[in-house]
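Reader: Hi! Could you walk me through this model?
Author: Happy to, here it is.
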Amino acid sequence: MNAPLIIVGAGHAGGRAALTLREEGYGGRLILIGDEAHLPYERPPLSKGLLQGSTDLAQCSLCDSQQLAALGVEHIAANPVSRLEPQHHRLQMADGQWLSYAGLLLATGGRARRLPREQANVFYLRTHDDALVLRNELKPGARLVVVGGGFIGLEVAATARGLGCEVTLLEAGPRLAGRVVPPVISDALLALHREQGVDVRLNVALECIHADAVQLVDGQRLPCDLVVVGIGMQPNIELAAAAGLEVGQGIRVDAQLRTSAADIYAAGDVCEFRLAGLYQRQETWRNAEAQGRLAALNLLGRALAFETIPGFWSDQYAWGLHTVGVMTARMVRRALPDGGLLLFYLDDHHRLQGACGWALGNRAAKDIKLCERLITARIPLDPVSLADPDVSLKPLLRG
Ligand SMILES: Cc1cc2nc3c(=O)[nH]c(=O)nc-3n(C[C@H](O)[C@H](O)[C@H](O)COP(=O)(O)OP(=O)(O)OC[C@H]3O[C@@H](n4cnc5c(N)ncnc54)[C@H](O)[C@@H]3O)c2cc1C
């Protein structure tokens, strides 16, 4: 019997790859190995609907167990792969069982970066089980300190306010989400969270966490019932590194998402690929979806290059943030109703490189979809029209 295709990591990228392999007609043995107890699921709801209690795991799952069984995907849950031997095309799971593979996809994602000292009142958010534990703590009136003003911290703060918690948010840098959004959006985030009653503090350094308070370096003590730490994630590269695969800040791949071992691919948060000449990882839903799909096609021998326009979204209170492309070139700003914003980034030829939308409800999502089409179309655009809220974006696609 031929060796199976194996996917390590039953998260978003791994689950998408398994489904794609079947959609594309792969009829051989297919094994999806995860260390969590659940079917593959999407993580964005963990800090939003699932934490709030309006969404459950089934609604976040990529498929249900009957679908997986009908597709003939063997899902091995709660059994991490502990060893990989690329030279022998085999791997071992925590229960000691060895499996040989014909082709392998590493989609091991990442884990929440933790503070050096573990403490009972400190929580992290990466998995469904983390979200359930945290949800139980977010009772009305609970005093929560969020450490980290990136997207996970901000979304947790917004959800916790909705649940009636008192929230203080600490950010070490001078602005919110400073790594990923332009200053004008950081300002909008700050204004919104303060308006919603979050005590946001910028440029603060944490000294230590006690059972009932957070101590800042400047001597201030913030009494609290619980602390959520959202200070980024660490890619799960150890399995690949120990097997001798090339790693940097992630598992390094070529243009086809192939690692330094010929029959092993990588996809999702753990995958470090070259974009505009630089190695980088993307920790987004869109990237997990696209790379999971492409890695599956390449496991089937298609040899397709990964081409991407990056993008992500975040929902906070009634507001939505959506981005697409690269936000570094010349910026043109359009005001939207209720204080919303649409930012366009143009190159020297006035072609769109990236865009960022911040608006009530779903409005920015629609604009950003059109911006993606404008980026692909590479049509020179008139900055005056872009800045004008009365000019609809769709006709601009006609050039
Ligand atoms: C709380 C939260 C909110 C988010 N919100 C947004 C959002 O609004 N918008 C957006 O664009 N993105 C968002 N993201 C990011 C997005 O969810 C991730 O980019 C995406 O989940 C990455 O998918 P992945 O498959 O690469 O990794 P994961 O989904 O992390 O899957 C990897 C899986 O592999 C498992 N694994 C690791 N090592 C092993 C091993 N040795 N053996 C077996 N299994 C292993 C892991 O436990 C995990 O189950 C959010 C993420 C989080 C955590």
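Author: A word on terms: helices (H or I, at least four residues) and strands (E, at least two) are DSSP runs, numbered from the N terminus. This is a predicted model, where local features need pLDDT of at least 70, side-chain atom pairs count only at pLDDT 80 or more, and totals for chains, interfaces and linings use all residues. Residues are numbered from 1 along each chain as its sequence is written, and side-chain values use heavy atoms, with hydrogens and water left out.

Reader: Thanks! Where is aspartate 338?
Author: Aspartate 338 sits in the loop between strand S24 (330-335) and strand S25 (341-346). Its phi is near 60 degrees, a positive value in a residue other than glycine.

Reader: Is aspartate 338 buried or exposed?
Author: Aspartate 338 is exposed, with a relative accessible area of 60%; exposed means over 50%, buried under 20%, and partly exposed in between (1.4 Å probe, protein chains only).

Reader: And what about the phi of alanine 276?
Author: Phi of alanine 276 is near 50 degrees, also positive in a residue other than glycine. Alanine 276 is in the loop between strand S20 (271-275) and strand S21 (278-280).

Reader: New topic: which residues come nearest the ligand?
Author: Of the 33 residues around the ligand, Asp35, Glu36, Lys48, Arg126 and Asp269 come nearest; a residue counts as near if one of its heavy atoms lies within 4 Å.

Reader: Which elements supply at least two residues of that shell around the ligand?
Author: Helix H1 (12-23), helix H6 (151-162), helix H9 (285-299) and strand S22 (311-316) each do.
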